[in-house]
Amino acid sequence: MARAITTQRKTINTLFAWAVGLIIFFPILWIFVLSFKSEGDAIKAPFEVLTSAWTLDSYATVQDRSDYFKHFWNSVTIAVGSTLLGILVAVPAAWSMAFVPSKRTRGILMWMLSTKMLPAVGVLYPIYIGFIKLGLLDTRIGLVIVLMLINLPIIVWMLYTYFKEIPGEILEAARMDGAGLREEVMYVLTPMAVPGIASTLLLNVILAWNEAFWTLNLTAAKAAPLTAFIASYSSPEGLFYAKLSAASVMAIAPILIMGWFSQKQLVRGLTFGAVK
Amino acid sequence: MKLRSVLRTATAVSLIAGSAAYAENIVIATVNNGDMIRMQGLTDDFTSKTGHTVEWVTLEENVLRQRVTTDITTKGGAFDIMTIGMYETPIWGANGWLVPLDDLSEEYNVDDILPAMAGGLSHDGTLYAAPFYGESSMIMYRTDLMEKAGLEMPEAPTWSFVREAAAAMTDRDNDINGICLRGKAGWGEGGAFITAMSNSFGARWFDMDWNAQFDTQPWKDTLEFYVGMMNESGPAGYATNGFNENLSLFQQGKCGMWIDATVAASFVTNPNDSTVADSVGFALAPDNGLGKRSNWLWAWALAIPAGTQKEGAAKEFIEWATSTDYIELVASKEGWANVPPGARTSLYENPNYMEVPFAQMTLDSILSADPNNSTVEPSPYVGVQFAAIPEFAGIATEVSQEFSAVYAGQQSIDEALEKAQALTNDAMEAAGYR
């Protein structure tokens with residue numbers, strides 16, 4: 001029986017939810033507001049900021065000073081490339097762990113996850129030197145590989161969780177009908193796990209888009225993505241909040257819009273198998 | 001006639017081909033501040049003169065420091081020119097990581113570089129980085145508030161005068177703090193300020209045997225004075241204030257005095273950003289009568305990492321960017337107040353520049369800082385607000401965290417000094433100095 005909720009309770013819950021949502025969203029909202037202010041107005045008290053003149057000057061300056069589209073294209077290539085490559089590697093791995101588990105599967109999964117707990121800076125020098133030797137420094141392909149490896153544990157874990165929800169009998173039936181491994185994965189497993197794969201894709205594109213340690217440390221002028229674009233507007237000696245805000249809005253806008261449009265898919269994937 | 005025109009054509013073609021072959025694309029890592037951004041906007045002038053093109057990698061100071069350090073220590077070769085400071089230059093020069101700048105052209109006039117800057121950017125007398133701009137620190141104060149308090153700022157004040165003036169200017173009801181100073185943890189933030197201040201109190205980081213000196217009376221006097229004055233007249237939460245936070249407070253009219261980098265003068269006197277632009281005065285950083293003032297010395301300089309394939313083009317760029325011609329180029333486009341200061345003697349002999357209100361005080365501040373003799377008692381290190389040894393950044397960051405905890409009221413001065421003494425000695429022992 002469904003629980004009865006009074007109108008008063010419903011109103012309180014709604015207001016509470018809106019308040020929490022606003023608190024979480026406020027920093028982004030404030031960055032958005034500051035991006036339309038002059039540097040002088042951006043440091044004023046909040047009320048004065050809101051009542052001061054609105055301007056597009058910061059956007060014009062940022063556009064004039066930096067090559068936004070070069071950074072944007074690098075971000076797209078690196079985020080999408082690393083995610084697709086990750087999915088390509090992770091689907092077979094997750095399939096074997098979900099449907100043909102061994103005694104060590106659980107241990108391997110935990111070990112994979114534990115690599116995420118290593119501070120990135122601890123392996124900066126070995127990876128940097130490796131990149132120099134392989135000629136991968138400041139290349140998009142180098143970053144695609146590194147970000148794929150970094151996010152691989154999450155991709156494998158997510159896909160493993162989704163695959164575990166799919167009854168093994170269906171795959172068995174496909175095998176009895178003569179499906180080989182490739183057909184089984186391509187035509188039976190993958191279509192059934194589409195919501196899960198889609199949310200894995202989306203989440204990892206977001207993670208790769210926002211990754212700031214490796215993308216700053218392994219790039220210079222050619223492969224620098226939008227994280228480097230933002231970093232170029234931060235300064236400990238000078239108040240450039242308006243320009244920094246404009247650069248931030250330009251950097252997060254594509255991923256924010258993508259998240260907005262795909263939120264249903266993302267939530268459906270993340271809750272996939274939660275209700276049976 | 002025909003032969004002559006053939007020869008002419010051949011010469012022209014070979015010249016064009018020669019210059020095209022010579023034209024390089026150089027990558028420069030730099031910091032994000034007004035002077036550097038202005039330089040980026042003027043790069044076309046360099047390209048038109050030399051044919052070389054430039055790609056910029058602009059990063060926030062701490063990110064830049066980490067990025068270029070990783071690259072130079074691994075000989076990564078990602079950059080042809082790096083923007084580095086007075087701390088890194090002598091250390092990297094000594095390690096052979098930088099190309100010596102000992103063959104710059106005569107027109108460049110290397111002797112025109114201010115001696116304090118050249119000294120801080122050299123190792124064993126060899127220049128390893130050319131100063132793009134230099135800075136010291138000084139007092140910026142509100143002339144109207146000082147007048148209201150019935151006081152007159154001397155050109156070279158003492159700390160006791162500054163404390164008295166700060167108390168007199170403080171008006172809590174109107175949100176005016178007598179003095180704003182850095183308290184934020186970090187060797188380049190609050191750490192730089194307190195080290196420079198401690199010099200004027202007779203303190204030093206190390207004795208001649210590299211033993212930490214935080215257990216001495218001058219350090220205790222420094223911290224007691226700083227904390228006492230800030231609690232009386234400083235802004236709330238000063239333990240987390242750095243350059244930008246104080247700049248914001250000063251520009252909004254919430255500070256009577258601010259002791260910080262001389263480059264801030266152009267910000268606080270800019271009427272577009274500052275509400276107090278027309279009532280700012282300048283004075284030397286205070287002293288305590290011990291012969292050392294509390295101002296620091298810093299330069300952002302351009303250096304060439306050893307191993308770059310484009311050394312020639314990189315040197316041409318450095319000669320262009322740090323030349324007197326470049327200063328004149330900026331002056332012609334953006335006015336004399338916006339030229340990069342503190343690098344060349346000739347700039348301070350230029351009557352046009354000396355009309356800028358903070359020009360003379362900037363020069364006086366720079367000249368009063370000596371990185372080779374910064375402390376009252378003898379010390380084994382070079383540097384005013386730092387000790388130019390590789391271990392300093394790590395140690396000073398930890399020490400400044402202990403000091404910031406004092407400012408935030410989380411521990412006593414004695415506890416912080418005891419911890420600073422122990423961690424510094426431990427680190428110096430581990431590094432083999434003791």
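Predicted model: local features only at pLDDT ≥ 70, side-chain atom pairs only at ≥ 80, totals over all residues.
**Figure 1. M138(B) stands opposite L284(B) in β9(B).** Residues are numbered from 1 along each chain as its sequence is written, while chains are lettered from A and ligands numbered from 1 in the order in which they are written. Strand β6 (residues 130-142) of chain B pairs with β9(B) in the antiparallel sense over five bridges, two strands being paired if DSSP finds at least two bridges between them. Helices (H or I, at least four residues) and strands (E, at least two) are DSSP runs, numbered from the N terminus. In strand β9 (residues 280-284) of chain B, four of the five residues are buried, that is, 20 or more other C-beta atoms, placed from the backbone, lie within 10 Å of their own, against 12 or fewer for exposed residues and a count in between for partly exposed ones.

**Figure 2. Surroundings of M140(B) in the largest nonpolar core.** Leaving aside neighbours within four places in sequence, M140(B) is in contact (C-beta atoms, placed from the backbone, within 7 Å) with F250(B), W258(B), A264(B), A265(B), V268(B), V280(B) and F282(B). Of the 192 residues in this core, L159(A) and M140(B) touch the most other members; helix α8 (residues 140-164) of chain A supplies the largest share, 14 residues. Such a core is a set of buried Ala, Val, Leu, Ile, Met, Phe, Trp, Tyr and Cys residues joined through C-beta atoms within 7 Å.

**Figure 3. The side of chain B that touches chain A.** The contact takes 30 residues from chain B and 25 residues from chain A. On the chain B side, α2 (34-41), β2 (53-59), α4 (61-73) and α11 (243-251) each supply at least two residues, and the largest share, five residues, comes from α11(B). These residues of chain B divide into twelve nonpolar, 13 polar and five charged, where Ala, Val, Leu, Ile, Met, Phe, Trp, Tyr, Cys and Pro count as nonpolar, Asp, Glu, Lys and Arg as charged, and the others, Gly among them, as polar. For the complex, the predictor gives an ipTM of 0.81 and a pTM of 0.85.

**Figure 4. Residues 15-20 of chain B, where pLDDT stays under 50.** For this stretch the model has one contact beyond four places in sequence. Chain B has a mean pLDDT of 92, with 95% of its residues reaching 70 or more.

Note on methods
pLDDT = per-residue confidence, 0-100. Contact = placed C-beta atoms within 7 Å.
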